[in-house]
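Here is a briefing on one protein chain. Keep the sequence and the 3D view side by side as you read.

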Amino acid sequence: MTNPHAPAAPATDPTFTPPSLGKRFGALIIDWVLCLLVSNFFADPVRDGWAPVLVLVLVYGIFLGLFAQTPGMYVTKVRCVNWHDGGRIGVLRGLIRGLLLALVVPTLIMDEHRRGLHDRLADSVIVDAPRG
């Protein structure tokens with residue numbers, strides 16, 4: 001039985017409108033600053049460029065997999081959900097998405113739903129997440 005109050009899956013919702021690129025970029029900037037701060041505990045992010053990238057990939061895997069939002073996404077009121085059912089994408093796909101995001105180029109290749117290559121490969125999409 002389907003929940004009548006559950007949002008429609010983005011893939012099958014003809015009214016789906018992706019959030020603005022500004023919200024997405026804002027979330028990424030917030031997450032990146034947090035990753036720089038966290039990586040400071042075990043490395044010098046200026047000298048060891050891999051450290052904040054590693055933290056970013058792990059943050060995406062854990063937070064997207066378990067909560068469908070990173071801290072930056074929470075602040076900018078967006079979520080990352082499964083393209084086909086609107087549910088969480090899981091830790092493994094969150095890690096894949098984070099790794100591809102760290103490569104930058106996949107994020108620049110977007111479709112009409114603003115799904116970058118990293119979203120398409122992880123079968124995810126960014127949606128608005130208004131708080132009531």
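In helix α4, G94, R97, G98, L100 and L101 are buried (under 20% relative accessible area; exposed is over 50%, partly exposed in between, with a 1.4 Å probe and protein chains only). They sit on the same side of α4, because they cover an arc of only 165° around the axis (the arc is that of the directions from the helix axis to the C-beta atoms). L92 and L99, on the other side of α4, are exposed.

This is a predicted model, where local features need pLDDT of at least 70, side-chain atom pairs count only at pLDDT 80 or more, and totals for chains, interfaces and linings use all residues. Residues are numbered from 1 along each chain as its sequence is written, and side-chain values use heavy atoms, without hydrogens and water.

**Helix α4**
- Helix α4 covers residues 91-102, 12 residues in total. Helices (H or I, at least four residues) and strands (E, at least two) are DSSP runs, numbered from the N terminus.
- From first C-alpha to last, α4 reaches 16 Å, close to the 16 Å expected at 1.5 Å a residue (1.5 Å times one less than the number of residues).
- V104 follows α4 and has a positive phi, near 65°.

**Nonpolar surface patch**
- Ten names make up a nonpolar patch on the surface: V38, F41, F42, W50, L54, L58, I62, L66, F67 and V91.
- Together they have about 1000 Å² of accessible area (Shrake-Rupley method, 1.4 Å probe; for residues, only the protein chains shown count as cover).
- Patch residues have over 30% relative accessible area and no salt bridge; like charges are joined within 9 Å, nonpolar side chains (Val, Leu, Ile, Met, Phe, Trp, Tyr) within 5 Å. A salt bridge is a side-chain nitrogen of Lys or Arg within 4 Å of a carboxyl oxygen of Asp or Glu.
- Helix α2 (residues 50-67) gives the most to the patch, six residues.
- L58 lies in α2 and is partly exposed, at 42% relative accessible area.

**Positive phi in loops**
- A68 is not a glycine, yet its phi is positive, about 65°. A68 lies in the loop between α2 and α3 and is buried, at 0%.
- K77 also has a positive phi, near 60°. K77 is in the loop between α3 and β1 and is partly exposed, at 38%.

**UniProt record**
- The unreviewed UniProt entry lists "transmembrane region" at residues 50-69 and 89-110; such annotations may be inferred rather than shown by experiment.
- In the model, residues 50-69 are 90% helix, and residues 89-110 are 73% helix.
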